[in-house]
Amino acid sequence: GTMFVRLTVLKDSGTINIVLFVVGIVEYIITSAFFFFTSSVIGSSAYFSLSPFTAFNHRIYVNLVTISSVFLLLSNVFEFFPEWTILALVLVHVAFMALIIIQMTRRPFLRLFSNILFLGISFISIGNDLLRFVSSFFEEPNGLIGFICFLVFIVLGFVGSSIFYNVQNNYIKKQFIFETNEDNKNAIPSDDERLERLLYLKLDQSKSKALYYYDYIISNHITSYLDFFIVKFIIQYHHSIDVLCHCIRVMCCLPSNNRNLNVLYSDAIKRRDMDFSQRFLLSQVQKIKILRQSASSTQTGERIKDLKQHTKELQNSMKNFWSTTTPDVGFLISTSAILKKTKSLWEESLTEFPNSIQYIEESIIFLIECNCDFVSAIKSRNKIDLIEAGKNFNVDMCFRQFARTFPEYLKQGIIDVKGNFIYNQKTQKTSGNQSTSSSSNSSKNFSSSSSSSSNSGLEV
């Protein structure tokens, strides 16, 4: 923007300024594209981090940062044009920040502090824009008054955001209180009561509102809807790839959801309208599923066959090398490349299946016969003994990050350390048969309609 002003307003059109202007534009485009792609990929990751910018919907943060930089660039460019164009740009920025405020009311970030921060900044930005617009009608505006107004906007912005989220939290929490379960906090209402409440909230009419309430349930661990019921409801009425990926991202954090996760995953991979961030999410989910599975699948069986074949070929190459009387340098170079490639494949497989004794035993053959790494082979043999003794080398980082982000699930006894729901078992033991019989008809009708809409049998 500064170089544009020099070239147009100041008429300083030297060769150096032109080169710097072109380089600046290219650098800005590359930086913006890099930020957009990296933030989109990180924001859609299945691993919830402890970063204050971690969000259920990363698009708000990405759009806010990217488009704000565009407005900053345009503010310098518009200095070349009449003053009223800058005022028009200010009004456009006010409209953009108003849209951000509307989206921020749905609490996109996991942390309450982050929501208050970004909503407060949005309010402050609109206040400063309006102050800039009004001050343009005065010939000599008072700078002290503007500074005082700026401080007032800061106080009102953050205080107003805190009050808004507090009132909103109390309002939504009342929406999930069931009179029949006031005595037992973790009791699950009947399906017809829960369905009636979701329809009363009109979650079947708005996709964004339905996902917002779902995010609120996860963040505030509302036990009445922590099962698959609300996901099934949302998928029935809003069957889009965005909704599927949003629900898959949350459900894959808990290992107990694997069965229902497989249904949603198989439905999502059939879609052809995915963007790059959604494809990245599904690839991560696939790796998490493979890491969690206890038995070897067909895919893993084919992989170990290929690895064993590569190992045998290397063994034969090594035997042929030692049997020859005239060594060939080219043979050594090609064999070294194959050895490195096979070693990386074994390391990747052992990372994906750390508890597979079959993989470890076959890797020991490779380490001894091909790589001559006897120390690593002894360590692998010891690892097999530990696995047989009950040691688990499989670290579920997805579930661990979820527990770090929402520690209340473990502290309040909602799930155990393996990700299985505890409150479900408790309520099933204490609940009577009357509520079950009264809600059986509505549950069957709802489950049948939802299964037909998602093209598969979804289980609660």
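Let me start with two residues: Phe176 and Tyr225 are both buried. This is a predicted model, so please keep that in mind throughout.

Staying with that pair, the ring centres of Phe176 and Tyr225 are 5.5 Å apart and the planes are at 70°, which is over 60, so the pair is edge-to-face. Phe176 is in the loop between α6 and α7, while Tyr225 is in the loop between α8 and α9, so the pair ties together parts 49 residues apart in sequence. Both rings belong to a cluster linked by ring pairs, together with Tyr212, Tyr213, Tyr216 and Phe229.

Next, the core. The largest nonpolar core has 57 residues, and Phe176, Tyr214, Val231 and Leu264 have the most contacts inside it. Helices that each supply at least two residues include α7, α8, α9 and α17. Which residues does Tyr214 touch, leaving aside neighbours within four places in sequence? They are Ile230, Val231, Ile234, His246, Cys247, Val250 and Met251. Another core lies apart from this one; it has 19 residues, among them Tyr61 and Phe71.

Back to rings. The whole structure has 23 aromatic pairs. In one of them, Phe36 and Phe276 have ring centres 6.4 Å apart and planes at 55°, so that pair is tilted. Phe36 is in helix α2 and Phe276 in helix α12, so parts 240 residues apart in sequence are tied together. Phe36 is partly exposed, at 33% relative accessibility, and Phe276 is partly exposed, also at 33%.

Methods
Residues are numbered from 1 along each chain as its sequence is written. This is a predicted model: local features need pLDDT of at least 70, side-chain atom pairs count only at pLDDT 80 or more; totals for chains, interfaces and linings use all residues. Side-chain values use heavy atoms; hydrogens and water are left out. A nonpolar core is a set of buried Ala, Val, Leu, Ile, Met, Phe, Trp, Tyr and Cys residues joined through side-chain atoms within 4.5 Å. Buried means under 20% relative accessible area, exposed over 50%, partly exposed in between (1.4 Å probe, protein chains only). Helices (H or I, at least four residues) and strands (E, at least two) are DSSP runs, numbered from the N terminus. Contact means heavy atoms within 4.5 Å. Rings of Phe, Tyr and Trp (its six-membered ring) pair if their centres lie within 6.5 Å; planes under 30 degrees apart count as stacked, over 60 as edge-to-face and the rest as tilted.
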